[in-house]
Amino acid sequence: MTRLSPRLLQATSVTVDHAEGCYVHGTDGRRYLDFTAGIGVTSTGHCHPHVVEAARRQIGSLIHGQYTTVMHRPLLELTERLGTVLPGGLDSLFFANSGSEAVEAALRLARQATGRPGIVVFHGGFHGRTVAAATMTTSGTRFSAGFSPLMGGVHVAPFPTAYRYGWSEEEATDFALQELDYLFATLVAPDEIAAFVVEPVLGEGGYVPGNTRFFRGLRQRADEHGILLVFDEIQTGFGRTGKFFGHQHFGVRPDVITIAKGLASGFPLSGIAASEELMERARPGSQGGTYGANAVSCAAAVATLDVIEKEGLVDNAATRGRELLSGARERATGDIGDVRGLGLMVGLEFTTEGSPDRDRATAAQQLASRKGLLLLTCGAHMNVVRMIPPLIVTAQQIDDALGIWSEVLAEVR
């Protein structure tokens with residue numbers, strides 16, 4: 001009998017029959033409140049009617065039109081629509097399928113455009129599982145162990161993770177910027193660095209937001225040394241943090257952003273955005289792919305942008321995110337050392353006597369599932385429970401989730 005790989009570990013025991021909005025309905029007949037959103041993918045909720053209808057219409061006219069061979073209307077419309085929400089100056093797009101592909105496309109562009117080999121990433125970042133993206137990932141060794149040699153030229157600098165260091169945010173930021181300068185003084189000259197690649201909020205690394213002074217420090221050093229600043233917006237983009245893109249909280253201009261996840265409400269689609277001048281510096285033939293910019297995915301992405309705009313989902317993410325973060329902090333017990341987040345990205349870090357407590361975090365996540373609330377864990381030690389509801393989540397659903405979470409915390413000892 002053929003089976004899935006035993007290394008595909010499941011976070012829950014749920015088998016889905018159907019899903020709608022913020023709810024997943026299992027084959028067991030139970031309804032589950034989904035605060036995983038497919039790891040931040042189903043931004044408009046499961047099977048939003050407008051997205052479903054757009055995909056159905058497109059399937060009836062064109063499923064696959066390989067976009068270096070022919071153009072198709074959904075791709076052209078999506079490109080135009082993204083121009084209304086992308087940061088100023090990022091007026092050129094390349095589309096692919098997955099987040100890892102987008103990160104590797106940004107890497108390739110940065111190296112070709114600058115003629116430099118080096119990349120600086122930041123401790124706790126997650127950028128994907130393919131070889132280059134996994135080399136750039138430092139949120140856990142599980143993503144890169146066992147298939148060395150990895151890609152050369154990647155250097156790691158600290159992220160201002162105040163709780164891990166036991167410092168204030170100011171102290172952690174001072175340290176992170178000082179260590180970046182020390183890296184330039186001791187390990188690699190800045191004129192060998194093509195790009196900084198950084199998440200506005202660490203995702204797999206434990207839902208740790210960055211801060212304005214840190215990102216402005218990166219921008220200053222990038223400008224001084226001719227380095228490109230690449231924001232990995234794969235999880236933070238499309239309203240997840242309460243602004244359209246996560247970096248917009250910090251008033252810092254990117255040279256490149258990577259996008260995926262919430263872009264198409266569950267259909268595979270990713271990409272990078274940069275200025276046309278920068279994109280022209282890529283080598284001819286260096287961008288392409290068989291399935292990138294799939295017609296159905298593009299149609300779903302256009303519909304997703306419709307829903308985000310018409311239903312005010314960016315503002316809803318900001319409002320509901322404040323409620324979720326505040327409620328999670330109010331309910332935190334002594335087992336939880338830190339509660340943090342930005343918008344609808346909230347992380348709860350389990351510790352025992354100051355040390356990471358993976359077992360308790362896992363027990364809490366599993367008990368929540370049995371009680372009807374789907375959650376995930378993350379962090380280097382997998383001791384952070386993360387809450388990532390769809391952007392359509394209501395105040396009542398936030399209250400319902402926090403009610404279940406309170407029951408979980410009362411029972412997990």
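## A bridge across the domains

In general, side chains of opposite charge can pair when their charged atoms come close. Between domain 1 and domain 2, the count is one salt bridge.

Before going on, a word on what you're looking at: this is a predicted model, in which local features need pLDDT of at least 70, side-chain atom pairs count only at pLDDT 80 or more, and totals for chains, interfaces and linings use all residues. Residues are numbered from 1 along each chain as its sequence is written, and side-chain values use heavy atoms, with hydrogens and water left out.

## Two domains

So how is the protein divided? Domain 1 covers 16–47 + 312–411, and domain 2 covers 51–311. Those bounds come from an automatic or database domain assignment. Taken over C-alpha atoms, the centres of domain 1 and domain 2 are 25 Å apart.

## Where the domains touch

Contact here means heavy atoms within 4.5 Å. On that basis, 37 residues of domain 1 are in contact with 35 residues of domain 2. The two domains bury about 2800 Å² between them, with carbon and sulfur atoms giving 61% of that area. Val314, Leu342 and Met345 lose the most area on the domain 1 side, together 25% of what that side buries. Buried area is the accessible area (1.4 Å probe) that two parts lose on being put together, summed over both.

There are also 14 residue pairs in polar contact between domain 1 and domain 2, both residues being at pLDDT 80 or more. Which elements supply at least two residues each of the side of domain 1 that touches domain 2? They are α1 (37–40), α11 (313–331), β13 (336–341), β14 (346–352) and β18 (384–387). By class, that side of domain 1 has 22 nonpolar, 11 polar and four charged residues. For the classes, Ala, Val, Leu, Ile, Met, Phe, Trp, Tyr, Cys and Pro count as nonpolar, Asp, Glu, Lys and Arg as charged, and the others, Gly among them, as polar.

As for the element names, helices (H or I, at least four residues) and strands (E, at least two) are DSSP runs, numbered from the N terminus. A polar contact is a pair of N or O atoms within 3.5 Å; within protein, one must be able to donate a hydrogen and the other to accept it, and residues adjacent in sequence count only if both atoms are side-chain atoms.

## Salt bridges within helices and between them

The structure holds 21 salt bridges. In one of them, glutamate 53 meets arginine 57 at 3.8 Å, N to O. These two are separated by about one helical turn because they sit four residues apart in helix α2 (residues 49–59). Glutamate 53 is partly exposed at 35% relative accessible area, and arginine 57 is exposed at 52%. The cut-offs are under 20% relative accessible area for buried, over 50% for exposed, and in between for partly exposed (1.4 Å probe, protein chains only).

Another pair is glutamate 170 and arginine 213, with their closest N and O atoms 3.1 Å apart. This one links distant parts of the chain: glutamate 170 is in helix α7 (residues 169–186) and arginine 213 is in helix α8, 43 residues apart. Both are partly exposed, glutamate 170 at 49% and arginine 213 at 32%.

Back in helix α11, arginine 320 and glutamate 323 are three residues apart, so about one helical turn separates them. Their salt bridge is 2.8 Å, N to O. Is arginine 320 buried or exposed? It is buried, with a relative accessible area of 15%, whereas glutamate 323 is partly exposed at 31%.

## Two more residues to look at

Asparagine 294 lies in the loop between α9 (276–279) and α10 (295–310). At 16% relative accessibility, asparagine 294 counts as buried. Its side chain reaches the backbone oxygen of isoleucine 63 at 3.0 Å and the backbone nitrogen of valine 296 at 2.9 Å. Leaving out residues up to four places away in sequence, asparagine 294 touches Ile63, His64 and His72.

Glutamate 224, by contrast, is exposed, at 57% relative accessible area. You'll find glutamate 224 in helix α8 (residues 212–225).

How values were computed. Salt bridge = Lys/Arg side-chain N within 4 Å of Asp/Glu carboxyl O.
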